[in-house]
Amino acid sequence: MSEATNNEIRMPNPEKLIVSSSPHIHSKSQEIWKIMLWVILSLLPAAVAGVWFFGLPALEVILLCVIFSVMIEMAWCMIEGKPVFGTIKDLSAVVTGMLLAFNLSAGVPWWICLIGAFLAIGLGKQIFGGLGSNPFNPALVARVGLLIAFPKIMTTWVPTRQMIAEAPTYSDFISRADMVAIRAGKLDAVTCATPLGFAKNAVTPQLVGRTPLEAGMEKFYAVDGQDGLWNLFIGNVGGCLGETSALALLIGGILLISLKLIKWQVPLAFIGTVAVFTCIVNMVSPTTTPDALFHVLSGGLFLGAFFMATDMVTSPMTTKGAVIFGIGCGLITCLIRVWGGYPEGVSFSILIMNALVPLIDRFAKKIPFGYKALEKGEAI
Amino acid sequence: MEEVQKKKFTGGIHPKDNKELSSGSAIQNAPLFEKYHVILCQHIGAPPKLVVKTGDTVKKGQMIAEPGGFVSAPVHSPTSGTIGKIFDVPGPSGVNQEAVEIIADGQDEWGSGLDPIPDWQNTAPEVLKERIAKAGIVGMGGAAFPTHVKLSPPPAKKIDTLILNGAECEPYLTADHRLMLERPEAILEGASIMARVLGIKNVYIGIESNKPDAIAGLNAKSEPYKVNVVTLKVRYPQGGEKQLIYAVTGRKVPQGMLPMDAGCVVQNVGTAAAIYDAVTQGRPLVERVTTVTGEPVVNPGNWLVRIGTPIADVIRLAGGVSRTPGKVILGGPMMGFAQKSLEVPVMKNTSGILLLDQVDTVQFTSQPCIRCGKCIDNCPMDLLCGTISCFIENEKFDKAEELHVMDCLECGACAYDCPAHRPLVQHVRRAKAEIRARKAKQNPK
């Protein structure tokens, strides 16, 4: 080869060559912050639904929770001597903040958001070493912490704007005193019951020959004809601001499933277990608990099943384990809802199953390629 | 006869294959260069012994190093000329290796001392096997295990199937693809020779469905050779030995065992063509098809290059680079070796020289595992990669071993998708080395 052509051809500069171990290419879509961004996007429909139903106070709670969560994460990193902006770039604090807000009533005061953010980010996550090391879902740690510390505030629910507008129709959910307040235009003080709380307490006028539950459920379904279930589905009921709209959560959940960011088996196992369990209980004893569809659509089941039980850090790593996890969550939820002291059990069930994850991981291992063949003696 | 794969392995990934860069360009013969640096030990096994000295004249195909044992292979001169220095050159693994410099005389005159065996159908299998050994043929797909050893299973193992690996599942590489397109008869006849050596009838060739022209071409010619062409799903690592056997035969190689324990022998298509040359032409393995590709390469393509050609010369054949690459890799992007020196010579198992752009070679910082389980879903061996990696990070090698880290084939499907950019494959390599070292300490031989 002549010198002339050698000079014309540009060759790689060995000085600039990186030497590292294989693999040399990496999927461009797989980044922690990208995963978190998708989770945030998939939470947006529920956030919009929350603001739609509960008005600007809901937006305020969401923003406060996100801002406080991010600030506490930064402050924690500063105290630990880590880079202040190091971990907030992964957006996990924003996700936690949103989930925390979704678990609060739209009527909570600002300091509940602050304490909640501290419980979630500080005690739920950072104290264990940050993202990846926390055994429990941070937002649920905060919800349960707040529920124990401030039971009154955490179980006081505000009615949706539509419920206030048509207050007489929803008279089962709104107390007589609050009806007076609504008529007087004092909307700040108005509270209402969640459908689950309503079913649990069944504080309805006693009718002859009927149990309180039967009477209550009849009333519930009788609101605007059959709109009771429709209201449950779209979220026009009292409850935490992000958990009431099964429809919005379903849209976000389907987005996450289609992006393969969560395993579809988890929500299916969770919701399916609740449906089957409550269906059986309702068939055996209709006076014990409402029907399955009511249970599936009410409370925090969709939020829990699509966004909390699927939390990567605090759920099992194998698909087999994730299904066991989902079924476990469903069973505990039903036990609490049907026979427990609380009307709602999704938060507790996920936290209890979180604690069992190391055990599930241990028993739900995959059998590596070729091990069954070894046992079966397929070797020649 | 065309067949569809019997089974699909679980996991795997489907990265953009970028094969269109070079798959359309026919194999070109590299010109004769002035000097070659032939590394002596190009295979797994005992290093060969040098049989020439500085100043000797050699013919093309003449043996310059003889096997150092049974699991070993000879090395031959890639051209006629004089033996120059015997010195250390940078090897593909980053470690310097002993090499022989051959100064070409320009005649390129054959003199291998191996006679063609045109009538191999009536030649004793032992003779054919000896020829394969003498021709220095090793696995050309990557592992470089001496082929005659693979063709000598212990009598207790009942081999009934030979599988040619034409999956070429690594992105970018097209050398096997072009070889299947351009030399289908050589591959099929090479396969028939191996079938005769093994004394078996079932011969398959597994090809990923993204090479329909190669599948059609081999199919059209396969009838007289009684080779079954199996179309495989495009899924990395489909060309992994155990995954290929599973796809083609539905058999799983039992853990810790070899393909022969599932009654199979797997050979690369390039190896089959080399066996054809060795037996019917009397030509030892002195050249191979290699892909020079990657976005920075001016004219990506496939070249028939002599073993011992410094990769700088091969990159120059492809017109050099249009911009500074970030990495030069021997092999594919998933399992290849990144190089620091362009003096590294082409080896018997160099299936490709891949240049990656600087933007594609960003170095990531490892973050804590977020337990997303992507690695576990991707693992073709169904291992708990993420958990294993966390154990290794904390130097708990015994725990990693309990989770079967030794079964990892280091395909990199886990690390490819890890959102935390964890160096999973490096962790596994470290654990394997530590565990082997501990075992060696416990049972010194």
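This is a predicted model: local features need pLDDT of at least 70, side-chain atom pairs count only at pLDDT 80 or more; totals for chains, interfaces and linings use all residues.

Trainee: Which residues of H14(A) meet residues of H16(A)?

Mentor: On the side of H14(A), they are A:Val266, A:Pro267, A:Phe270, A:Ile271 and A:Val274. Their partners in H16(A) are A:Leu301, A:Ala305 and A:Phe306. By class, this contact comprises eight nonpolar residues, with no polar and no charged ones.

Trainee: How is the geometry of such a pair expressed?

Mentor: Two packed helices are described by the angle between their axes and the distance between the axes. In chain A, helix H14 (residues 265-284) and helix H16 (residues 301-308) pack at an angle of about 155°, and their axes are 8 Å apart. Since angles over 145 degrees count as roughly antiparallel, H14(A) is therefore roughly antiparallel to H16(A). The crossing of the two helices is right-handed.

Trainee: At what angle do H3(A) and H4(A) cross?

Mentor: Helix H3 (residues 56-80) of chain A and H4(A) cross at roughly 140°, and their axes come within 8 Å. That angle makes H3(A) oblique to H4(A). The crossing of H3(A) and H4(A) is right-handed. Among the contact residues of H3(A) are A:Val61, A:Ile62, A:Phe68 and A:Glu73, while those of H4(A) include A:Val94, A:Thr96, A:Met98 and A:Leu100. The contact of H3(A) with H4(A) has 11 nonpolar, three polar and one charged residues.

Trainee: Let us turn to domains. What domains does the assignment give for chain A?

Mentor: Chain A is assigned domain 1 (30-154) and domain 2 (213-237 + 262-364). Taken over C-alpha atoms, the centres of these two domains of chain A are separated by 22 Å. In chain A, 14 residues of domain 1 are in contact with 14 residues of domain 2. On the domain 1 side, helix H2 (32-54), helix H4 (92-102) and helix H6 (138-149) of chain A each supply at least two residues. By class, that side has 10 nonpolar, three polar and one charged residues.

Trainee: How far apart are the centres of domain 1 and domain 2 of chain B?

Mentor: The centres of domain 1 and domain 2 of chain B lie 27 Å apart, again taken over C-alpha atoms. The contact between these domains takes 11 residues from each of them. On the side of domain 1 of chain B, the residues divide into five nonpolar, six polar and no charged. As for the bounds, domain 1 of chain B is assigned as 2-23 + 140-146 + 155-280, and domain 2 as 374-442.

Trainee: What does the radius of gyration say about chain B as a whole?

Mentor: A compact globule of 445 residues would have a radius of gyration near 22 Å, and the 21 Å of chain B agrees with this. The C-alpha atoms of chain B fill a box of roughly 60 × 50 × 45 Å along the principal axes. Chain B has 13 helices and 18 strands.

Trainee: Finally, how many residues of chain B are in contact with chain A?

Mentor: There are 68 residues of chain B in contact with 42 residues of chain A. Strand S16(B) gives the most to the chain B side, with five residues. The residues of that side divide into 35 nonpolar, 19 polar and 14 charged.

Terms used
Residues are numbered from 1 along each chain as its sequence is written. Chains are lettered from A and ligands numbered from 1 in the order in which they are written. Domain bounds come from an automatic or database domain assignment. Two residues are in contact if their C-beta atoms, placed from the backbone, lie within 7 Å. Ala, Val, Leu, Ile, Met, Phe, Trp, Tyr, Cys and Pro count as nonpolar, Asp, Glu, Lys and Arg as charged, and the others, Gly among them, as polar. Axes are lines fitted to C-alpha atoms, for helices over the stretch in contact, and angles run from 0 to 180 degrees between N-to-C directions. Helices (H or I, at least four residues) and strands (E, at least two) are DSSP runs, numbered from the N terminus. Angles under 35 degrees count as roughly parallel, over 145 as roughly antiparallel, 65 to 115 as roughly perpendicular and the rest as oblique. A crossing is left-handed if the near helix is turned anticlockwise from the far one by less than a right angle, and right-handed if clockwise. The radius of gyration is taken over C-alpha atoms; the globule rule is 2.2 Å times the number of residues to the power 0.38.
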